[in-house]
Structure formats: C-alpha cells, structure tokens
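Colleague: I have this model open and would like to go through it with you. Can we take it piece by piece?

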Amino acid sequence: MCGIAGIIHTEGLKPVDPERVRRMCDAIAHRGPDGEGVWTAPGVGLGHRRLSIIDLAGSPQPMLAAEGDAAIVFNGEIYNYRELRSDLIALGATFRTDGDTEVILQAWRHWGVGCLPRLHGMFAFALHDLRQRTTLLARDRFGVKPLFTARLADGAVIFGSELKALLAHPSLRREIDPLAVEDYLAWGYVPDHRSILKGVQKLAAGHYQLLRADAPPSPPVQWWDVSFADRATGSRQDLEAHLLHHMREAVTSRMLADVPLGAFLSGGVDSSSVVALMAEASTAPVKTCSIGFDVAALDETAYADRIAAQYGTQHWKRTVSPEDFSLVDRLAAMFDEPFADASALPTFRVCELAREHVTVALSGDGADEAFAGYRRQTFQHREEQARGLLPSALRKPVFGTMGRLWPKADWAPRPLRARTTLLSLAGSGEEGYARALAVTSADLRDTLYTPDFMSLRGEYRAEQPLMELMRKAPARSGLDRAQYADLKFYMPGDILTKVDRTSMAVSLEAREPLLDHRLVEFGARLPERMRVRGSTGKWLMKQTMRRYLPQDVLFRPKMGFVTPIAQWLRGPLAAEARGLAASGSLAATGWFNSTRIDALAEAHMTGRADHSRLIWQLLMLRKSLDRLG
C-alpha cells in the first residue's frame with residue numbers, strides 16, 4: 001500500500017522538475033513511510049511513497065521494466081500476481097524481483113490494456129511506456145484505491161492518491177465547485193463523479209485513461225462493470241457451496257503478506273465471517289482488533305469477544321469515549337474534501353489500534369452492497385413490489401397526496417415514517433431510493449441556499465446522477481438497481497474513501513476480501529429470494545455461515561459504528577455550531593442562508609429537534625473550505 005503522484009505533459013515533451021514531483025509525494029508521506037522515489041523522462045515525472053508489504057527489500061518504486069522501456073508507480077496489491085508471473089514467464093518475460101509491481105509492468109508489455117481484467121486486487125497506478133510515449137492511468141474494479149487527476153493551464157496532467165498531492169502543485173486552481181457542494185449536502189460526501197475543486201477529477205472505479213505526449217487527454221474508458229442481468233440456478237445447497245468456495249478463496253488470497261497481518265472484528269456478521277475463515281486457513285492465532293464505546297447501547301464488543309474466544313484469536317480492544325470529538329480537525333485534514341460520515345472517527349480509532357500490532361488488516365466491507373445487507377435495500381425491495389401493484393398514473397396522485405398531508409416523523413425509524421414511505425411510493429423506484437439514500441433532502445437543501453447559489457446550481461440536483469445510474473443499470477429488478485447503485489455510487493464515495501483515508505493516515509493497509517470481484521459477481525447473479533427474505537438481508541450468506549457463527553451474531557439487528565454527534569453539538573461543539581454560517585469560509589462563499597442555518601442550530605441545541613446530521617455536515621464543510629483556502 002502506497003501513495004503515488006506525478007506530472008504528465010500532453011503538449012510536447014517538456015521537462016519535469018523532479019523536486020516538484022517530490023513535493024507532491026511529501027504531501028502524502030503518511031501513505032508510504034518506508035521508502036520514496038522519483039523518476040523523470042522527457043514529458044513525464046512519476047513519484048512514489050512506499051509502505052512495504054510484499055518483497056520488502058526487492059521492489060522499490062518508481063520501477064523500470066527489465067527492458068528499460070516502461071516505468072510504473074503503483075498503489076495497492078495484486079493477489080494473483082504469482083499465477084500471472086508464471087503465465088508471463090511462459091511468454092518469455094524476465095523478472096528481477098519477487099513482488100507484484102513488476103508483474104504489472106510485464107503484463108502491460110505483453111497484453112496492453114488487456115492486462116487489466118487479469119489483475120485480481122485493489123490498485124491505482126500510472127504506467128509510462130517510453131516506446132509509445134503513452135501513460136496509462138488505471139483504477140481497480142470497485143475503487144478501493146483512489147486516484148485524483150487535474151489538467152493544468154500549460155496542458156500538463158497531474159495525478160495523486162489524495163487531493164493533497166495535487167494541492168502541493170502551485171499551478172492548481174483552488175476554485176470550489178458549487179455542484180460538488182450540492183452533492184455533498186445531499187450525500188454527506190463528494191461522489192466520485194465530482195470533486196470539491198473545479199478542474200479536479202477522480203478516475204472512476206473500473207476505468208482507465210490513456211495520456212499521450214502530443215494529444216489532449218482521451219476520455220476515461222470503463223474496463224469492468226458488475227451485471228445483475230443474469231440469475232444463477234441450482235439448489236440452495238449448491239449455491240451455499242459455491243458461495244463458501246468464493247468466500248474462502250477471497251479471504252485466503254488476501255492473507256498473503258511479508259509483514260504482520262490481522263483483521264478488524266466488530267462482532268457483526270461480515271467481520272466475524274472474515275475472521276472465521278482466516279482462522280480456518282491459518283496455523284497461527286489470528287490477530288484481531290475491536291473498538292468499543294462506553295455507552296452500552298452503542299457497544300458491540302461483547303459479540304466481538306465471543307468470536308475472538310471461539311476462534312482463539314489474539315485479540316485487542318479499546319474503548320472510545322463519547323468525548324472523542326478532539327479528532328474533528330484531524331479528520332478534516334485526512335479527507336481534504338468535506339466528509340460527514342461520522343463513523344470515520346471510530347474507524348480511525350480501530351485503524352490506530354490495529355497499526356500498533358499489524359501492518360495489514362482485513363475488513364468485512366462489501367458484503368452489504370454485494371448481498372443486500374442494508375435495511376434500505378430490503379425496504380426498496382418491498383416498495384418496488386408495492387409499486388408493481390398500481391400503475392404510476394394512480395400511484396402519484398394517491399400516495400403523493402397522502403404523503404404531503406401526513407405529519408413528518410424524521411425522528412422515527414424508517415419503517416415508522418409513513419410520510420417518507422408514501423412519498424417514496426408515489427415516485428419511481430429510482431426516486432424512492434435516492435430519497436432513502438440522501439442524508440439531506442432536496443426540499444431542505446433548497447432552504448439552506450441563497451439566490452446566488454440557486455443561480456449557480458441551475459437545474460442540477462444531486463439525485464440526478466444516482467437515478468440515471470440506476471435507470472441504466474444492467475439489472476432486472478428494483479433490488480438489483482439498488483445494489484448496483486450502492487456498489488457504484490455509495491461504496492466508492494463513502495465506505496471505501498473512509499477506510500482508505502483513515503487506514504492510510506496511520507500507514508495501515510486495509511484489505512476487503514468480501515469485495516473480491518468473483519464473489520461480488522456471484523452475489524449479483526443470486527435470485528432475489530437468496531438475497532432477501534422478509535426483512536432479512538444477506539440471506540444466503542447468513543445461511544452459509546451458520547456452521548461458523550452463533551445465531552445471535554448472524555441474525556441480530558445491524559448496528560454499525562455510531563458516534564454521538566447530537567450530544568457533542570449540544571455540548572463541547574456547541575460553540576462551533578452557533579454562528580456556523582455567519583462567519584468564516586461558509587459566509588465568505590455567499591451561498592448559504594445564515595438565518596435559516598442559525599435557526600436549525602438553535603432548535604437542535606435547545607432540544608426542540610435533532611438536526612445533528614445537517615449541522616455536522618455544515619461543520620465539516622466549513623473545516624474543509626478553511627483548509628482549502
């Protein structure tokens with residue numbers, strides 16, 4: 001796991017200052033404390049910060065091919081590199097190292113962009129071919145590893161693992177994109193189709209881009225997608241056997257490392273499944289780490305302790321106090337862009353704990369997206385069934401009218417929010433799911449903006465790209481489309497961003513075995529009844545893991561990391577919440593209705609309403625804008 005950065009000229013072979021590349025790499029030194037390097041050639045400069053995981057001494061980067069005709073900087077891991085190495089040797093390739101980096105170089109030399117589907121793993125890399133004067137930028141299937149790019153006024157393209165690497169280049173413009181602000185307020189993060197800064201892009205998951213020395217950058221090309229269009233056949237027993245095979249293979253392939261390796265263990269189904277399969281495959285005790293809370297209603301460590309005891313793991317845990325708000329400024333620095341998923345705080349703390357004992361940690365991320373484990377997905381499944389009973393011409397006037405008349409109950413769990421459900425049923429499945437996924441509704445966002453911002457935003461609404469993605473999804477049903485949206489939109493923008501930034505902030509490599517693409521492709525083909533039954537999601541996965549995990553771990557309600565931000569904003573962060581939009585960077589934009597925001601903050605702090613998520617979003621936005629200058 002590493003950090004990469006570089007400069008590529010697309011208007012001639014202009015020289016690249018290696019010191020400028022080095023400064024970009026220094027900005028992301030936390031991603032790679034074990035080594036650094038810069039390589040330049042006419043028109044190109046590649047930089048690297050290394051966290052050594054495999055072939056500790058033998059794979060420094062930037063790396064040149066043995067033939068001297070290609071160079072690469074690479075962030076990630078290729079789990080099948082040994083098999084690819086054997087295939088390439090049979091084709092005449094020669095190797096000087098024992099790691100995965102050189103395998104990518106030789107794979108490009110023999111297969112071109114056709115090498116990408118052969119790579120099983122998580123990666124973002126820049127590979128420069130001196131023969132063709134071409135640079136390949138590529139990102140893994142799910143976007144586990146990030147890659148930011150920007151084109152400068154002189155025609156150069158700069159890239160980096162984090163936005164802060166690009167910010168280290170003096171020619172990067174720092175102009176906030178108002179459409180990114182609209183996106184952020186809707187979702188709580190800036191999705192991968194946009195960046196907080198105009199002119200900065202994120203290479204989309206499963207895409208590559210070719211840059212040439214004498215031509216404008218070509219548009220990114222999608223090289224992988226997941227399809228829900230087909231259905232697997234076979235008995236439940238057969239499907240269980242196939243699922244278990246894929247899960248075992250995914251876990252064992254990610255246990256390869258030349259440094260201490262362990263796992264996050266929350267006590268939920270997903271992380272417990274990973275630990276159980278690690279223990280099955282390991283001759284030594286698995287190292288596990290858990291974070292607990294000193295608020296009983298939020299604490300899951302009793303379940304984690306049970307799994308740790310059952311599998312004899314070497315287990316460490318730490319309790320986080322609800323007063324852990326001191327991390328707020330540090331979080332803003334980690335993410336660069338505004339990021340309001342408050343579970344980033346405990347995620348950082350468990351990464352911090354893990355790094356004291358291991359260099360690589362396996363997580364349970366990905367199963368909810370792949371196997372329909374979110375409650376909102378089961379609600380969507382049932383709502384789509386209800387929509388099918390009435391034509392849209394009837395649904396809109398009937399459910400829409402009832403929803404508008406029904407009293408709001410935002411404080412209640414979603415099954416009890418009849419207004420939300422009725423309004424969702426009135427629209428299309430895509431509209432309903434966008435409403436369920438948004439953390440701040442379109443109606444509420446409109447009350448926060450000034451006329452100046454409304455003019456800049458124009459007809460754009462944050463929900464539009466998500467709904468378009470769902471409409472075009474290779475899918476059969478509403479449940480398929482919801483899962484596709486989570487895999488392609490929510491997961492790279494929120495979940496994987498959160499884990500990447502918090503783990504790399506402490507130089508820890510996090511691996512997601514349940515995001516093995518073969519496992520996800522298998523899950524996408526499962527019949528709906530094998531994914532959701534009644535209110536139970538991840539149905540087949542839970543049935544498969546019954547031989548490994550206790551019933552109350554498999555079937556207890558999902559908790560996730562919860563942070564008491566409502567209490568913080570009434571206590572130690574109250575001073576920051578008051579006057580949030582009246583001064584500082586939010587006020588300087590002229591985009592926000594300070595009177596409205598002050599009223600919402602006051603209602604929250606006096607206990608008349610819970611506006612904590614929105615206030616937290618605005619607080620993190622202000623801190624991000626402050627840092628961006």
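Colleague: Let me start with H381: buried or exposed?

Modeller: H381 counts as buried, because its relative accessibility is 11%. Buried means under 20% relative accessible area, exposed means over 50%, and partly exposed is in between, with a 1.4 Å probe and protein chains only. Before we go on, this is a predicted model, in which local features need pLDDT of at least 70 and side-chain atom pairs count only at pLDDT 80 or more, while totals for chains, interfaces and linings use all residues. Residues are numbered from 1 along each chain as its sequence is written, and side-chain values use heavy atoms, with hydrogens and water left out.

Colleague: Where does H381 lie, and what is it in contact with?

Modeller: H381 lies in helix α12, residues 375-387. Helices (H or I, at least four residues) and strands (E, at least two) are DSSP runs, numbered from the N terminus. Leaving aside neighbours within four places in sequence, H381 is in contact with L479, E528 and V532. Contact means heavy atoms within 4.5 Å.

Colleague: And R85, buried or exposed?

Modeller: R85 counts as buried, because its relative accessibility is 19%. R85 lies in helix α2, residues 81-90. Apart from neighbours within four places in sequence, it is in contact with F95, T97, D98 and V103.

Colleague: Change of topic. How many residues does α6 have, and how far does it reach?

Modeller: Helix α6 covers residues 236-253, which is 18 residues, and reaches 26 Å from its first C-alpha to its last. That is close to the 26 Å expected at 1.5 Å a residue. The expected span is 1.5 Å times one less than the number of residues.

Colleague: Which residues of α6 are buried?

Modeller: The buried residues of α6 are L239, E240, L243, L244, H246, M247, A250, V251 and S253. As background, an α-helix has 3.6 residues a turn, so residues three or four places apart point the same way.

Colleague: What do the buried residues of α6 pack against?

Modeller: They pack against several elements, including α7 (269-281), β16 (360-362), α11 (367-371) and α20 (517-525). Also among them are α21 (528-531) and α22 (539-544).

Colleague: Now pairs of helices. How do α10 and α19 cross?

Modeller: The axes of α10 (residues 344-355) and α19 (residues 478-504) come within 9 Å and cross at roughly 40°. Axes are lines fitted to C-alpha atoms, for helices over the stretch in contact, and angles run from 0 to 180 degrees between N-to-C directions. The angle makes α10 oblique to α19. Angles under 35 degrees count as roughly parallel, over 145 as roughly antiparallel, 65 to 115 as roughly perpendicular, and the rest as oblique. The crossing is right-handed. A crossing is left-handed if the near helix is turned anticlockwise from the far one by less than a right angle, and right-handed if clockwise.

Colleague: Which residues make the contact of α10 with α19?

Modeller: A344, T347, F348 and C351 of α10, with K498, T502 and S503 of α19. They divide into three nonpolar, three polar and one charged. Ala, Val, Leu, Ile, Met, Phe, Trp, Tyr, Cys and Pro count as nonpolar, Asp, Glu, Lys and Arg as charged, and the others, Gly among them, as polar.

Colleague: What about α27 and α28, how do they cross?

Modeller: The axes of α27 (residues 594-605) and α28 (residues 612-628) come within 10 Å and cross at roughly 130°. That makes α27 oblique to α28, and their crossing is left-handed. I597, L600, A601 and H604 in α27 meet S612, L614, I615 and L618 in α28. By class, this contact has six nonpolar, two polar and no charged residues.

Colleague: What about the backbone, what is phi for D336?

Modeller: Phi of D336 is near 65°, a positive value in a residue other than glycine. D336 lies in the loop between α9 (328-335) and α10, and is buried, with a relative accessible area of 6%. K538 is not a glycine either, and has a positive phi of about 55°. K538 sits in the loop between α21 and α22 and counts as buried at 6% relative accessibility.

Colleague: Last one: which peptide bond is cis?

Modeller: The bond from Q61 to P62 is cis, with omega near -5°. P62 is in the loop between β3 (44-50) and β4 (63-64).
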